Amino acid sequence: TGLAISGFDPVAYFTEGMALVGAERFEAVQAGAIWRFRNEGNKAAFAAHPEVYGPQFGGHDPVDAARGRVVEGVPTIWLIHDQRLFLFASETGRTAFAVDPDGFLKVAERQWPKLKADLVR
């Protein structure tokens with residue numbers, strides 16, 4: 001649909017500590033996707049720093065990325081680690097990541113360039 005993370009406000013994870021749906025009236029286009037926000041302040045924060053507020057791995061599950069698979073994360077299954085947002089495909093993945101985030105990230109970051117290139121094809 002072109003709607004990033006199912007319309008959830010990526011800034012709200014940081015400011016509200018919750019997964020909250022954004023409003024159609026506060027939309028912005030970034031990297032070809034439509035992002036929704038709860039208010040103008042969140043929209044402005046994202047526009048200034050999309051690399052901070054946007055979910056890592058393009059919103060795909062980092063645990064699956066570490067395993068060499070591309071699986072879309074679910075916006076309501078999330079975690080902030082090292083001031084970055086991660087979405088997960090399952091509670092099991094989030095729990096595993098929480099135990100060893102740096103271990104999963106080390107492998108996922110190595111795998112991600114190839115996985116991302118395959119997504120584009």
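D118 forms a salt bridge with K114, with the closest N and O atoms 2.9 Å apart. This is a predicted model. Both residues lie in helix 6, four residues apart, about one turn of the helix. D118 is partly exposed, with a relative accessible area of 32%. K114 is exposed, at 55%.

The structure holds four salt bridges. Another one joins R94 to E91, and here the closest N and O atoms are 2.4 Å apart. R94 and E91 are three residues apart in helix 5, so about one helical turn separates them. E27 has a relative accessible area of 29%, which makes it partly exposed.

Next, the packing of two helices. Helix 5 covers residues 91-99 and helix 6 covers residues 101-120. Their axes come within 5 Å and cross at roughly 105°. Helix 5 and helix 6 are therefore roughly perpendicular to each other, because angles of 65 to 115 degrees fall in that class. On the helix 5 side, A96, F97, A98 and V99 make the contact. P101, F104 and L105 make it from helix 6.

Now turn to the loop between helix 3 (50-53) and helix 4 (62-66), where D61 is found. D61 is buried, yet it has no salt bridge. Which side chain of opposite charge is nearest to D61? It is R67, 6.9 Å away. The side chain of D61 has backbone partners instead. One of its polar atoms lies 2.7 Å from the backbone nitrogen of V63. The D61 side chain also reaches the backbone nitrogen of A89, at 2.7 Å. Beyond four places away in sequence, D61 touches V71, E72, G73, L87, F88, A89 and S90.

H60 sits in the loop between helix 3 and helix 4 too. Is H60 buried or exposed? At 16% relative accessibility, H60 counts as buried. Its side chain reaches the backbone oxygen of G58 at 3.4 Å. H60 and E72 are twelve residues apart along the chain, but their C-alpha atoms are separated by 4.3 Å. Leaving out residues up to four places away, H60 touches V70, V71, E72, G73, L87, W112 and L119.

How values were computed. Residues numbered from 1 in each chain as written. Predicted model: local features only at pLDDT ≥ 70, side-chain atom pairs only at ≥ 80, totals over all residues. Heavy atoms only, no water. Buried < 20%, exposed > 50% of the residue type's maximum accessible area, 1.4 Å probe, protein only. Lys, Arg positive; Asp, Glu negative; His and termini not counted. Polar contact = N/O pair within 3.5 Å; in protein donor to acceptor, adjacent residues only side chain to side chain. Contact = heavy atoms within 4.5 Å. Axes fitted to C-alpha atoms, helices over the stretch in contact; angles between N-to-C directions. Parallel < 35°, antiparallel > 145°, perpendicular 65-115°, else oblique.
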